[in-house]
Amino acid sequence: MKISVITATWNCVETVGDCLASVAGQSYPDLEHILIDGGSRDGTLDALQPHRARLAVLVSEPDGGIYDALNKGLARATGEVVGLLHADDVYADADVLARVAGAFADPAVEAVYGDLVYVAREDTGRVIRYWRSGAFRPARLRRG
């Protein structure tokens, strides 16, 4: 099962390298990384070049904001499973997508989600906050 990871970027030269390395470091092999950039002017595109060979799609053009960029990525995704990883985010470890694929091996599973760990930008080892996902309830989804 192929997993498509979509990353929307715009002027994020300071964080996008860590995001790309996090996706590239995943142990799950059947993966495509789609990056949609909103026309960055801060050096983001230069920071992407060393990672270009690992990106299935790289588009850089003005857009209507993050949701427009994510929709452009969705239109290009070829995976059976689609995930979003923002340009200033990283996966908790190298096996995150392998665990996601394992969950989707059950045909009754339609979506997966997990806990979040918020860390300091200047020191990713310093945890600022944990967000525990808990059991799924539609009302909680509506609240974000």
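Residues are numbered from 1 along each chain as its sequence is written, and side-chain values use heavy atoms, with hydrogens and water left out. Because the model is predicted, local features need pLDDT of at least 70 and side-chain atom pairs count only at pLDDT 80 or more, while totals for chains, interfaces and linings use all residues.

Start with the strands. Helices (H or I, at least four residues) and strands (E, at least two) are DSSP runs, numbered from the N terminus. Two strands pair if DSSP finds at least two bridges between them. E1 and E2 run parallel, joined by seven bridges. Within this pairing, Thr7 has Leu35 of E2 as its bridge partner. Strand E2 covers residues 31–37. Six of its seven residues are buried, so E2 is largely enclosed by the rest of the structure. Buried means under 20% relative accessible area, exposed means over 50%, and partly exposed lies in between (1.4 Å probe, protein chains only).

A second pairing joins E5 and E6. These strands run antiparallel, with five bridges. A hairpin connects E5 to E6 through two residues. Ala120 has Asp123 of E6 as its bridge partner.

Now look at the nonpolar cores. A nonpolar core is a set of buried Ala, Val, Leu, Ile, Met, Phe, Trp, Tyr and Cys residues joined through side-chain atoms within 4.5 Å. The largest one has 13 residues. Ile3, Val5, Leu85, Tyr91, Leu97 and Val100 have the most contacts inside it. E1, H1 and H4 each supply at least two residues of this core. H4 gives the largest share, five residues. Leu97 shows how this region is connected. Contact here means heavy atoms within 4.5 Å. Not counting residues up to four places away in sequence, Leu97 touches Ile3, Val5, Gln26, Tyr28, Leu31 and Tyr91.

There is also a second, separate core, of nine residues. Ile6, Ala8, Val59 and Ala77 are among them. Ile6 and Ala8 come up again around Leu70. Leu70 lies in helix H3, residues 66–76. Its relative accessibility is 8%, so Leu70 counts as buried. Leaving aside neighbours within four places in sequence, Leu70 is in contact with Ile6, Ala8, Leu84 and His86. Leu70 and Thr9 are 61 residues apart in sequence, yet their C-alpha atoms are 9.7 Å apart in space.

Next, follow the chain from E1 into helix H1. Asn11 lies in the loop between E1 and H1. Its phi is near 50°, a positive value in a residue other than glycine. Asn11 has a relative accessible area of 32%, so this residue is partly exposed. Thr15 sits in the loop between strand E1 (3–9) and helix H1 (16–24). With a relative accessible area of 14%, Thr15 is buried. The Thr15 side chain makes a polar contact, reaching the backbone oxygen of Ala87 at 3.1 Å. A polar contact is a pair of N or O atoms within 3.5 Å; within protein, one must be able to donate a hydrogen and the other to accept it, and residues adjacent in sequence count only if both atoms are side-chain atoms. Beyond four places in sequence, Thr15 touches Ala87, Asp88 and Arg121.

Helix H1 itself holds Val16 and Ser22. Val16 has 0% relative accessibility, so Val16 counts as buried. Not counting residues up to four places away, Val16 touches Thr9, Leu35, Thr44, Ala47, Leu48 and Ala87. Ser22 is buried too, at 13% relative accessibility. The Ser22 side chain reaches the backbone nitrogen of Tyr91 at 2.7 Å. Ser22 touches Val90 and Tyr91, again not counting residues up to four places away in sequence.

Finally, turn to the rings. Rings of Phe, Tyr and Trp (its six-membered ring) pair if their centres lie within 6.5 Å; planes under 30 degrees apart count as stacked, over 60 as edge-to-face and the rest as tilted. By this rule there is one aromatic pair. Tyr113 and Phe136 form it, tilted, at 6.5 Å centre to centre with 55° between the planes. The pair links distant parts of the chain, 23 residues apart. Tyr113 lies in the loop between helix H4 (96–104) and strand E5 (116–120), and Phe136 in the loop between strand E6 (123–131) and helix H5 (138–142). Tyr113 is partly exposed, at 46% relative accessibility.
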